[in-house]
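Subject: Structure handover

Hello,

The sequence and structure are below, and my notes follow them. Please read the two side by side.

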Amino acid sequence: MGYVDEVLEQVKAKNSDQPEFLQAVTEVLETLRPVVDANEELYRKEAVLERITEPDRAIHFRVPWVDDNGQVQVNRGYRVQYNNAIGPYKGGCRFHPSVNLSIIKFLGFEQIFKNSLTSLPMGGGKGGADFDPKGKSDREIMAFCQSFMTELYKYIGADTDVPAGDIGVGAREIGYLFGQYKKIRGVYEGVLTGKGLTYGGSLVRKQATGYGLCYITQELLKKNGTSFEGKTVVVSGSGNVATYAIEKATQLGGKVVTCSDSTGWIYDPDGIDVALLKDIKEVRRARLTEYAKERPSAEYHEGRGVWSIKCDVALPCATQNELLIDDAKTLVENGCQYVCEGANMPTTLDATEYLTSNGIQFIPGKASNAGGVATSGLEMSQNSERLSWSEEEVDAKLQSIMANIFKNIDSAAAKYGMEGNYIAGANIAGFEKVVDAMIAQGVC
């Protein structure tokens with residue numbers, strides 16, 4: 001039995017109750033076989049795969065808070081610090097009822113390679129809680145965030161672990177978290193990214209994941225002698241990633257015809273009205289039914305269905321495992337040519353295999369949604385320098401980082417005889433840098 005198979009068996013035995021984590025580890029290790037086989041003696045001796053699949057620490061804590069009725073509520077909080085071989089732990093915090101240790105570990109594991117691909121000095125980590133901000137008052141959200149940070153602050157710092165936002169954690173939540181950290185620690189430092197512009201945040205951070213997704217997709221299109229111009233694009237989700245992917249794809253000449261939320265989806269053959277979408281989701285915090293009411297060209301449908309629309313480019317931007325095998329078959333049938341992930345692991349393993357085996361060019365989230373954490377890294381740099389860069393400067397750096405990521409994953413795939421396999425390319429390019437640092441630093 002080869003080294004990869006041995007480690008996969010060990011990981012599955014130790015984490016049998018963590019399906020999302022096992023999915024992520026399986027996907028990564030399977031594509032790393034060529035590089036592991038080429039270095040098996042060294043990697044086995046240094047237990048590289050055992051060390052990289054086991055987090056440095058996983059912190060699980062209680063988060064008590066008081067709701068508006070005076071009732072004490074209790075949630076579970078998590079922070080997984082996965083690997084800091086190339087820099088401080090870096091990764092978002094997710095507030096959503098689905099959050100559990102498996103999801104946080106899968107996200108933290110993926111973050112190792114994603115952060116490595118940005119070329120910035122950031123390790124991998126992730127955190128969150130099974131708290132749902134939806135339907136909560138600002139006071140309740142503040143109470144929860146303050147309680148969450150009262151425990152989390154012990155484990156984080158500007159040079160130790162720098163959390164950010166994720167699903168359910170936007171500018172409001174980051175503000176409350178930062179305020180509590182500052183009060184407890186008595187220091188003003190760049191311990192969180194995604195901060196408001198008045199207190200150390202970076203321009204373009206809100207747009208960064210969606211913009212970065214489109215910049216790397218544009219590089220893929222360019223490699224194939226084409227561009228967004230005239231392409232029909234389907235997007236899932238309607239949060240930050242989806243909204244700004246829709247905005248940038250439209251600016252680059254594409255026509256985006258779908259978006260979705262947790263209850264339904266929109267098909268707008270005239271192209272999504274970005275201004276209206278922003279007003280509904282960012283200002284009113286309303287459902288997409290409002291979009292259909294105000295946009296005569298739009299159709300609203302309950303449930304799932306984004307992937308049934310004929311397109312050239314598909315950008316899944318909602319959540320993990322949202323693009324299933326039947327969706328993959330529909331995309332292939334309808335002539336889709338490119339799928340680039342805006343969310344973390346939004347495509348199931350069988351759907352990914354189906355897409356790639358049927359000629360669709362596919363870029364995984366650890367590469368294509370790295371724009372968010374890349375700009376978080378740029379925010380960390382600005383905080384360290386006590387400077388604020390212009391929007392043009394940050395956007396130019398983001399474009400350069402995403403172009404460089406595409407170049408590196410393309411080269412890594414070709415180096416191991418898998419040209420055009422960007423899943424393998426992303427895993428290999430991210431892995432090699434981290435492993436070189438791990439080996440150089442000894443057993444730690």
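Arg285 is exposed, with a relative accessible area of 59% (buried is under 20%, exposed over 50%, partly exposed in between, with a 1.4 Å probe and protein chains only). Its place is the loop between helix H11 (274–283) and helix H12 (289–294); helices (H or I, at least four residues) and strands (E, at least two) are DSSP runs, numbered from the N terminus. Phi of Arg285 is near 55°, a positive value in a residue other than glycine.

This is a predicted model, in which local features need pLDDT of at least 70 and side-chain atom pairs count only at pLDDT 80 or more, while totals for chains, interfaces and linings use all residues. Residues are numbered from 1 along each chain as its sequence is written, and side-chain values use heavy atoms, with hydrogens and water left out.

Asn321 also has a positive phi near 55° and is not a glycine. Asn321 is partly exposed, at 24% relative accessible area, and sits in the loop between strand S11 (313–316) and helix H13 (325–333).

Strand S11 belongs to an open sheet of 5 strands, in the order S7-S6-S11-S12-S13, with parallel pairing (two strands pair if DSSP finds at least two bridges between them). At the edges are strand S7 (255–256) and strand S13 (361–363), each of which pairs on one side only. S11 is joined to strand S12 (residues 338–340) by 2 bridges, and the two run parallel. Opposite Val313 stands Tyr338 in S12. Helix H9 (residues 208–223) packs on this sheet and touches S11, S12 and S13 (contact means heavy atoms within 4.5 Å). The direction of H9 makes about 150° with that of S12; axes are lines fitted to C-alpha atoms, for helices over the stretch in contact, and angles run from 0 to 180 degrees between N-to-C directions.

Next, the hairpin. Strand S1 (residues 57–66) and S2 pair in the antiparallel sense over 10 bridges, and His60 has Tyr78 in S2 as its bridge partner. Between S1 and S2 there are 5 residues, and Gly70 in the turn has a positive phi of about 80°. Val72 lies in strand S2 (residues 72–83) and counts as partly exposed, at 48% relative accessibility.

Regards
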